[in-house]
2 protein chains.
Amino acid sequence: MKIAFLGPHASFTQLATAQLFPDGELMPQASILDCFTAVETGEAAKAVVPLENSIEGTVSMTLDYLYKTPSINIEAEAVMPIAHHLMIHPENSVEDIDRIYSHPQALAQSFHFLDTHYRGIPRQDFSSTAAAAKYVSENKDLRIAAVANQYAANLYGLKIINRNIQDFEQNHTRFIIISRQQSKYDNSKLEFLGEKSGMLITLPEDHPGGLHQVLSVFAWRKMNLSKIESRTLKTGLGNYFFFINVEGPWEEVLHGNALKELESIHADVDFLGNYREFLLES
Amino acid sequence: MKIAFLGPHASFTQLATAQLFPDGELMPQASILDCFTAVETGEAAKAVVPLENSIEGTVSMTLDYLYKTPSINIEAEAVMPIAHHLMIHPENSVEDIDRIYSHPQALAQSFHFLDTHYRGIPRQDFSSTAAAAKYVSENKDLRIAAVANQYAANLYGLKIINRNIQDFEQNHTRFIIISRQQSKYDNSKLEFLGEKSGMLITLPEDHPGGLHQVLSVFAWRKMNLSKIESRTLKTGLGNYFFFINVEGPWEEVLHGNALKELESIHADVDFLGNYREFLLES
């Protein structure tokens, strides 16, 4: 099965995609838009794109494209702790390093470690952590190291000399699987975190209390929201849509009636699916 | 006055910062965290960081650091349309181009233009649009072009051969000015869009309807929300804070009473300021 993902090869999204689809034929894409287009045109069956906290891709684009392409649904969500490792060419040794390459944000996220343990060694910005790892693998003589992920180390045959060098422990990235189907992804090999529903809600007009009215639909039913994010519509100032996650498995009466009530107050709802959330390894 | 901003030199954030602080001493920072640290330690008086849609920096970090550093306030917000231009060394000409360099997301955002007008010319990922522009300025003989912004063209003396090559017209980035003071930024030379209040609200516990209760405080007062975004706390699953924007100028009775009512329902509020929003040039 063809699975598009936000590339390049060995990006964090590929690290996630490889765990979600170990037998998939992975197709790297240059942008989040390209991932959506690949699914929309049928070039790929599904795509994996970041939803939160990515250093690769502007994740607000994911919400915007979900809004723009109502035919696309969410099949699953996956959360991955961010882990940066320092790696070198396998034939080199730690003492050799005289420059460290990576994506500027990966270097920034590992700043304190690098400053403590590799003080004075210059750092060089690269377009991605993966490209930095590839460059290290191709340039044994340059005595360089890369900050990148486990997948990049495996793919390019690099030696990891320091693990988990990120300054903050609990950073994570969230990904979603998107497709044109309304199927529900499952994988017994991954840690299951729970079920949730995702929906995009547009208010009939921008008036004070509009969002409050929408949330009433969930509040009096004691349905718990775990994420809410507003995005400006491109049609003008003061027009918004909201991405909302409601916790819990699908219950026909509860969810069905909530959706009907949203309709009755003239909110426009794009229901993206009821899906499972999984924990991935970093 | 020293103004930190998310670098590198000639980043979109610098383009914004230069308009907001034309007489400021601009200090580029490697990460959003470094911008916050510079303000917290007093190394810089203020900082400019992206709040929405940036291709440089994970903007959810901005919300997280606002939450982690309650001493930091918002002085203003600024919105800038994103404009990418194609530029070359001033001594070269259009016919010479045999490679185009830029940040992967800037190349992706200009994909259709480049594919139509420069079909077959290879593109090369660079760590930032600014770094690509700098590289072009330093390598006249390489016959390369860069996709970057107006500021980079000026800074590195490049010739713009195609303007506004981005595929979508209405993309924009939002920035905020942060500082330790509670002062309100103003600038009569910029287009004024309106006033708003920003606040971070933490619910006393994660229970269904908690957010609905908080929004009631604003809804019955007919205070209009223009942005709401939930962020997971790092303390465990199911704990959230919300970033909320309330439209309009400060009104002592209205805003004061709303804040008191939030207190009375045990919501924890970090009031970030009542501030002006401006439109910047791209």
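## Salt bridges in chain B

The side chains of B:Lys140 and B:Glu91 meet in a salt bridge with an N to O distance of 3.3 Å, a salt bridge being a side-chain nitrogen of Lys or Arg within 4 Å of a carboxyl oxygen of Asp or Glu. This pair links distant parts of the chain, 49 residues apart, with B:Lys140 in the loop between helix H6 (129–138) and strand S8 (144–148) of chain B and B:Glu91 in the loop between strand S5 (85–88) and strand S6 (99–102) of chain B. Helices (H or I, at least four residues) and strands (E, at least two) are DSSP runs, numbered from the N terminus.

B:Lys140 is partly exposed at 33% relative accessible area, whereas B:Glu91 is exposed at 59%; buried means under 20%, exposed over 50% and partly exposed in between (1.4 Å probe, protein chains only).

## Basis of the model

This is a predicted model, in which local features need pLDDT of at least 70 and side-chain atom pairs count only at pLDDT 80 or more, while totals for chains, interfaces and linings use all residues. Residues are numbered from 1 along each chain as its sequence is written, chains are lettered from A and ligands numbered from 1 in the order in which they are written, and side-chain values use heavy atoms, with hydrogens and water left out.

## A salt bridge in chain A

A:Lys184 forms a salt bridge with A:Glu195, their closest N and O atoms lying 2.5 Å apart. A:Lys184 lies in the loop between strand S10 (172–179) and strand S11 (191–202) of chain A and A:Glu195 in strand S11 of chain A, so the pair ties together parts that are 11 residues apart in sequence. A:Lys184 counts as partly exposed, at 34% relative accessibility.
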